[in-house]
Amino acid sequence: MKKKHFKEYMGNRKIAIHCLMAIAFFLFLIFSINFYKIMVLGQSHGVDLRKEIDKKLTHTILLKAKRGNIYDASGSPIAVDAMNFSLYAVLTDQWDREKNDYVQDISHTAAVLSKYIDMKAPEIEKILSQKNVSQVEFGNAGKNLSVETKEKIEKEELPGIKFTENLSRYYPNGIFASHLIGYTDVEEQQVDGKPVEQLVGKMGIEALYNATLTGKPGELVSRLDGNGYVIPGSEKITEQPKDGNDLYLTLDKKMQTYLESLVSQVTEKYLPNQLTAMLVDPKTGNIVAATQRPTFNGTTKEGISTMWNNLLMDEAYEPGSTMKVLALAAAINEGVFDPNEKYESGKIQIFKDLVRDYNKVGWGRITYLEGLAHSSNVAFVHVVQKIGVEKWKQYLDFFGFGQSTQSGFLNEATGLNTYNSYLQQLSTGFGQGISVTAFQMVQAFTAIANQGEMKKLRIVDHEFRPATNTTVNFSENSLGQVIKPETAKKTLEYLRQATTMKDGTSNGFEIEGEEVAAKTGTAEFVNPETGTYYSYGSNYIYSVVGFAPASNPKYILYITLKQPQNNPYGAGGNALIKEIFNPMMKRALDYSRLTQ
């Protein structure tokens, strides 16, 4: 190689070496900076590696908070958190080949399980014999199993029979004001950005006061070793769970249980499409007992698919003649009701329309007090005319019809009072041409039983907050003086006299040894297929409202019964309702005297 070329070659080589050294130094510098960031500062690409490692080595468990309990007025539990289990069976050994912990003897397993769950052995065998599945469940029969049932099954030592623990709510009284109390479902909720399964109220008190009843989960933090196992002794509770608040209701367990039994008996015997009953203390507005049919069992949910609506407040209907109690009170308050004045019963012409009494022919010329006893529609057409339709509309508004009771419950109906034609305006006096809810009716009746002052119905008495050991009382609410005290007194007197009249419609609601003022009702309702009123058989809504003792009522009892399918009394429905009303009112009055 020539000397000149050699020098050029060596020069180029030095340049290349210097470039490589520069590149190596630059890479080393970058590596050193990154190494410094990672090892000294603990950062990489803007990520705090120490925090990430800490997260990886930290295990956080959410500690479940207890949902608040619901109690009756005496402190007996109505709704409490409970532990239950779901049953499942492992059909394969793919997860545990050594212990053989899977179902092997299908017939024996089915025979044993049939003793503890509501399913016959052949049905269980069919489930256990499924192919190409690793595990199976047993439907509703295998759910909501108690601790006792789980332990009994475990003692049988059946291979492959397993359990999962569930969040659940237990309603120890079974069917017990179920649509008012409501129920819960398990749902995944976000709590401080973390998903957690919680019981969520879906109906009634459980839904209305869900935020009050729901607790806040706590946190248990522990450290993990390099293999992902918890380091013993590293567990630490960083936040204690906060249990939900408890609610104490106005319901009385003894009265509620007795009402449920009476209503069940009548339902089974006469097969009404719908039935409601409410026992209320008019002095406070407290709901002492209330129920409906159809209903459901809060724990098992059995029956809930038959009827979702709370019939006491979700459904409006024409009330019929129990509305005459309020028309009577308005007439007395206006000074236009004379119990001894006479009128011609049977029928009355309103322009082109004819209003008749229920027996079509009436009772001749009778007094208005007799008209009340016979539940004469003609009498109350005259009564509303005497009051004046505009003034009567004001009373209907004062009593709260056509507007919400502000109960707070989901889906509460307001009813309807269009008050259009003159015939409709007059018809509202005997409970037609207007739709109401049972809740509205009973709330209006409190004015009659409470010296003219209407009380807002209440079902929650107070709230207990375990976190602070404090009690928050829910106040009673007055809805105003709707009628004068002397009007309320006179209304009860006339109702009492009408109840004691031998041939009166309410006579059957007399209770030996008690002073009862009652008024019955038989309301027509529209056939959804024809758009016209039913006019045959038992296609009516039968009802009664009673006040006792009549001179100073401690209770209002209001019952409605719709379309009994088995009615041996023909068109009359009072005899059916009487089987609930009389024993319930008697029991309530006896109980009140014992607890004074």
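In helix 15, A447, I448 and A449 meet A488, T491 and L492 of helix 16 (contact here means heavy atoms within 4.5 Å). By class, this contact of helix 15 with helix 16 has 5 nonpolar, 1 polar and no charged residues. This is a predicted model, where local features need pLDDT of at least 70, side-chain atom pairs count only at pLDDT 80 or more, and totals for chains, interfaces and linings use all residues. Residues are numbered from 1 along each chain as its sequence is written, and side-chain values use heavy atoms, with hydrogens and water left out.

**How the helices cross**
- Helix 15 covers residues 438-449 and helix 16 covers residues 485-500; they pack at an angle of about 100°, with axes 7 Å apart.
- So helix 15 runs roughly perpendicular to helix 16 (that label covers 65 to 115 degrees).

**A look at T491**
- T491 sits in helix 16 and is buried, at 0% relative accessible area (buried means under 20%, with a 1.4 Å probe and protein chains only).
- Leaving aside residues up to four places away in sequence, T491 touches V325, L328, A329, I332 and I448.
- A polar atom of the T491 side chain lies 2.8 Å from the backbone oxygen of T487.

**A hairpin elsewhere in the chain**
- Strand 8 (residues 184-191) and strand 9 (residues 194-201) pair in the antiparallel sense over 8 bridges (pairing takes at least two bridges found by DSSP).
- T184 stands opposite G201 of strand 9.
- The hairpin of strand 8 and strand 9 has 2 residues between the strands, and D192 takes a positive phi near 50° there.

Technical notes: Axes fitted to C-alpha atoms, helices over the stretch in contact; angles between N-to-C directions. Helix = DSSP H or I, 4+ residues; strand = E, 2+ residues; numbered from the N terminus. Parallel < 35°, antiparallel > 145°, perpendicular 65-115°, else oblique. Nonpolar A, V, L, I, M, F, W, Y, C, P; charged D, E, K, R; others polar. Buried < 20%, exposed > 50% of the residue type's maximum accessible area, 1.4 Å probe, protein only. Polar contact = N/O pair within 3.5 Å; in protein donor to acceptor, adjacent residues only side chain to side chain.
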